[in-house]
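This report goes through selected residues and helices of a protein model. Please look at the sequence and the 3D structure first, then read on.

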Amino acid sequence: MEEQHRPDAEAPLLAAAATKPDGAASSSPARNKYPFFCAVLASMTSVLMGYNVAVTSGAQIFMAEDLGLSDTQIELLSGAINIYSLVGALFAGWTSDRLGRRLTIVLTNAFFLVGPLIMTLASGYAALMAGRFIAGIGVGYALVIAPVYAAEIAPASSRGLLSSLPEIFINTGVLLSYVSNFAFSALPAHLSWRLMFAAGVVPTVFLAAGVLTMPESPRWLAMKGRTDEAKAVLDRTSDTPAEADQRLLEIQEVVDTDSNGSGGGGAWKEVATKAGVRRVLATVLALQFFQQASGIDSVVLYGPRVLAMAGVTSNTLLLGLNVLFGVAKAGSILIAMVLADRVGRRPLLLVSTGGMTASLLVLGSVFAVFAGAKDDAVVAAVAVAAVVAFVCTFSVGFGPLAWVYSSEILPLRLRGQGAGLGTAMNRVMSGIVTMTFISLYGAITMAGTFYLYAAVAAASFVFIYTCLPETRGRNLEDMEQLFRTK
């Protein structure tokens, strides 16, 4: 059941308002802009992640022509980055808990420098796979560390907004990769795909340098016993001094509880002994499973192929429509960014999964009824509209909010490792979807494939409706009471 109002969650802000001079108590404190700057800078790494994952969408056309890659090789190369990202996802929690969130983001940029550079210079399939492997490690790191840093640096008033930034920038990277596909498509095949990969190399150095200017996560500092530094960061990233004090007390309470136990090993023992902890981990894993099993990455990586089978025959038009998909996807994220802290997580997730189900049913029906149609403008237009509707409804809710919800419900003592497990589930499902898409529609037809994705989207709607409470406006440590993980 969604809760519309919780006085206890708002107590710190009300207390702060009560200390104001007469006539000012009724006004809300101004939102601090500094955590927004920090979250934006950290999330810029996600641009590189989105770019590296999606650039093969258009590059595969020219790689196949230049290097003679088969459909099976294309399928494996496109999807393997998601499986490779498991290495990064599983180590990211461990790395961020030891090196800190900030240095882990710098390390992520290093992977995005080396991997694409190897692919740019590759002369065969083995070298392409090697570069894809290194970039995949960076993808896993980026998926874990950017949302965790954004959630930990943000005050409660803007946590939904700032935690949505990594997803916004991932989609910005996807859009830029589509623009790159289109921009370099007129060049000779042996040159065009190499420039598509090379375009993602240069920004990594500048981003890594920029990250070093931002503060460390206050929660990580408190975990390491650096309380004075944590307090200084909280003073700079909270809306009011009273909120900074309250956030520090909440963090210290959780850190002290952890230190009285047996550390990380003791925290993981709670999975076996506490139903609340099991519920949180199951919720995180289920959200990430449904997000990818509903087939979004089949459109992200194979959009031109889907439209070609719907009757679009021009490569230039296919890549141009791919840019349209990228614009629609990135633009829809902005809606989620604005509404996450106003409407709440639960309503947006329900609208999103409901819309995804409907659009996937339409897309499947287009292929079921008009299979084999060529140069039919009406059929192609309906297919394009269905794909746009799918990416928009995904991005207005399920895309960003699966990460937001997962980050904010995990207890501090499990947040790094729990986020890593959730990301691992996300990448496994994305890898399965993208590495089997061509084979799947070859076996059960394109219509059957999208009907299958529609069934998964419908199941995710039911899961969200029955299992997910509203978390808007709650302090991160307050989640422990909601899910009974203390």
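T445 is part of helix α21, which covers residues 412-467. Helices here are DSSP runs of H or I with at least four residues, strands are runs of E with at least two, and both are numbered from the N terminus. With a relative accessibility of 47%, T445 counts as partly exposed; buried means under 20% relative accessible area, exposed means over 50%, and partly exposed lies in between, using a 1.4 Å probe and protein chains only. T445 has a positive phi of about 75° although it is not a glycine. Most residues other than glycine have a negative phi. The C-alpha atoms of T445 and A368 are 8.5 Å apart, while the two residues are 77 residues apart along the chain.

The model is predicted: local features need pLDDT of at least 70, side-chain atom pairs count only at pLDDT 80 or more, and totals for chains, interfaces and linings use all residues. Residues are numbered from 1 along each chain as its sequence is written, and side-chain values use heavy atoms, with hydrogens and water left out.

The protein has 22 helices and zero strands. Of its 486 residues, 59% count as buried. Among contacts with a separation of 6 or more, 85% are between residues 24 or more positions apart; contact means heavy atoms within 4.5 Å.

| Residue | Location | Relative accessible area |
|---|---|---|
| S192 | helix α10 (residues 189-198) | 0% |
| S238 | loop between α13 (227-237) and α14 (241-259) | 5% |
| M214 | loop between α11 (203-211) and α12 (218-223) | 1% |

What does each of these residues touch, not counting residues up to four places away in sequence? S192 is in contact with F62, F184 and L187. S238 touches N32, P155, E243, A244 and R247. M214 touches C38, L41, A42, R102, I105 and Y149. M214 and L41 are 173 residues apart in sequence, but their C-alpha atoms are 7.9 Å apart in space. For S238 and I153, the separation is 85 residues in sequence and 8.7 Å from C-alpha to C-alpha.

Helix α6 runs over residues 101-120, and its 20 residues should span 28 Å at 1.5 Å a residue. The expected span is 1.5 Å times one less than the number of residues. The end C-alpha atoms of α6 are 29 Å apart, which agrees. Its buried residues are R101, T104, I105, T108, N109, F111, F112, G115, P116, M119 and T120. These residues cover an arc of only 155° around the axis, so they are on the same side of α6. The arc is that of the directions from the helix axis to the C-beta atoms.

How do helices α4 and α17 cross? The axes of α4 (residues 56-67) and α17 (residues 296-309) come within 8 Å and cross at roughly 50°. Axes are lines fitted to C-alpha atoms, for helices over the stretch in contact, and angles run from 0 to 180 degrees between N-to-C directions. T56, S57 and Q60 of α4 make the contact with V300, L301, Y302, G303, P304 and R305 of α17. By class, the contact has four nonpolar, four polar and one charged residues; Ala, Val, Leu, Ile, Met, Phe, Trp, Tyr, Cys and Pro count as nonpolar, Asp, Glu, Lys and Arg as charged, and the others, Gly among them, as polar.
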